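Please read the following briefing alongside the sequence and the coordinates.

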Amino acid sequence: MSDAAALERVRELLDPALLDLAGRRPPGDGYLDLLDDEPVEESPVQWLMRSSFLPRIYERVWRPAVLGTLKGPFGPSTAQETALVRRMLELGPGDLVLDVACGPGNVTRTLAQAIGEDGLAVGIDASATMLTRAVRDTASGNVVYVRGDAVNLPFLPGLFDAVCCLAALYLFDRPFDALAGMARALRPGGRIAVMTTRRLPLGGPLNDLVGTASGVRLFGDEEVTEALARLGFSGIRHRAYGLVQFIGGRLV
């Protein structure tokens, strides 16, 4: 279960409008729950993310197999991918870092290793089953999980030193609103790292076939980089591997 002190720290980061909600709801299975269980329309992939089955195989089977296929034979391994993201985020001791759509917390826990005991890694996700698994697999006292809306982030603006969103942006109904929310969450000089899908420049109908079959959005090489530039990020870095792209930048 998340450390009580960490749960209290994350309450201090919340938008004041949500404090009453956070106060009257006990932590669900060790995470702070800010969502009502209202019926929503979901794609098959979104439904799978909320299932009780996927969290059990996500880190060891699903993520390596699916992303490994999308990245292609010359793409980075999971360890290399994590190292790339950590370099983009430039984390240091005491940093406050947000992992958007954190799933079972595999990335959140890795980021927590770079920020020390005085730092705090916050993972946010809409899936109760994913967060239950995340809490079960987390022993660090500098990690806390929140069940909340990844597009309309529940935090006060300008607090986080770094934010990442890996393997999730393509599932959002409003991905560019989500990026704007991540920018608002960052302090000036804060860093962002995004890993998402990619349209092959010469893919033509193949892009449409993959997108339709998977139910996820494929982004052009300049879609996310240009969106970040419009939001005030500079020093934007972009790396592409097959159907996957990594983008990082610093908020001016």
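A residue is called buried when its relative accessible area is under 20%, exposed when that area is over 50%, and partly exposed in between, with a 1.4 Å probe and with protein chains only taken into account. The model is a predicted one, in which local features need pLDDT of at least 70 and side-chain atom pairs count only at pLDDT 80 or more, whereas totals for chains, interfaces and linings use all residues. Residues are numbered from 1 along each chain as its sequence is written, and side-chain values use heavy atoms, with hydrogens and water left out.

**Overall make-up**

- The protein chain holds ten helices and eight strands, where helices (H or I, at least four residues) and strands (E, at least two) are DSSP runs numbered from the N terminus.
- Of the 252 residues in the protein chain, 53% count as buried.
- The accessible surface of the protein chain comes to about 11600 Å², and 55% of this area belongs to carbon and sulfur atoms; the areas come from the Shrake-Rupley method with a 1.4 Å probe, and for residues only the protein chains shown count as cover.
- Among contacts (heavy atoms within 4.5 Å) in the protein chain with a separation of 6 or more, 67% are made by residues 24 or more positions apart.

**The sheet**

- The eight strands form an open sheet of mixed pairing, in the order β1-β4-β3-β2-β5-β6-β8-β7, two strands being paired if DSSP finds at least two bridges between them.
- At the edges of this sheet are β1 (32-33) and β7 (233-241), each of which pairs on one side only.
- Strands β3 (residues 120-125) and β4 (residues 143-147) run parallel and are joined by five bridges, with Ala121 standing opposite Val143 in β4.
- The pairing of β7 with β8 is antiparallel and extends over seven bridges, and here Ser234 stands opposite Arg250 in β8.
- The hairpin of β7 and β8 has two residues between the strands, and Gly242 in this hairpin takes a positive phi near 60°.

**Helices against the sheet**

- Helix α5 (residues 78-89) packs on the sheet, where it touches β5 (160-166), β6 (186-197), β7 and β8 (244-251), and its direction makes about 155° with that of β6; for such angles, axes are lines fitted to C-alpha atoms, for helices over the stretch in contact, and the values run from 0 to 180 degrees between N-to-C directions.
- Helix α8 (residues 175-185) lies across β2 (96-100), β5, β6, β7 and β8, and runs at about 150° to β6.
- Because eight of its eleven residues are buried, α8 is largely enclosed by the rest of the structure.
- The buried residues of α8 are Pro175, Ala178, Leu179, Ala180, Gly181, Met182, Ala183 and Ala185, and the buried residues of this helix pack against β2, β5, β6, α10 (223-230), β7 and β8.

**Charged pairs**

- The structure holds eleven salt bridges, each defined by a side-chain nitrogen of Lys or Arg within 4 Å of a carboxyl oxygen of Asp or Glu.
- One of these salt bridges is formed by the side chains of Lys71 and Glu81, at 2.8 Å from N to O; it links distant parts of the chain, with Lys71 in helix α4 (residues 54-71) and Glu81 in helix α5, ten residues apart, and both Lys71 and Glu81 are buried.
- The side chains of Asp161 and Arg187 meet in a salt bridge at 2.5 Å, N to O, which links Asp161 in strand β5 with Arg187 in strand β6, 26 residues apart.
- Asp161 counts as buried because its relative accessibility is 12%, whereas Arg187, at 28%, counts as partly exposed.
- Glu223 and Arg217 also meet through their side chains in a salt bridge, at 3.1 Å from N to O; Glu223 is partly exposed at 27% relative accessibility, and Arg217 is partly exposed at 36%.

- Ala101, a residue other than glycine, has a positive phi near 60°; Ala101 is placed in the loop between β2 and α6 (106-112), and its relative accessible area of 18% makes it buried.
- Ala167, likewise a residue other than glycine, has a positive phi near 55°; Ala167 lies in the loop between β5 and α8 and counts as buried at 7% relative accessibility.
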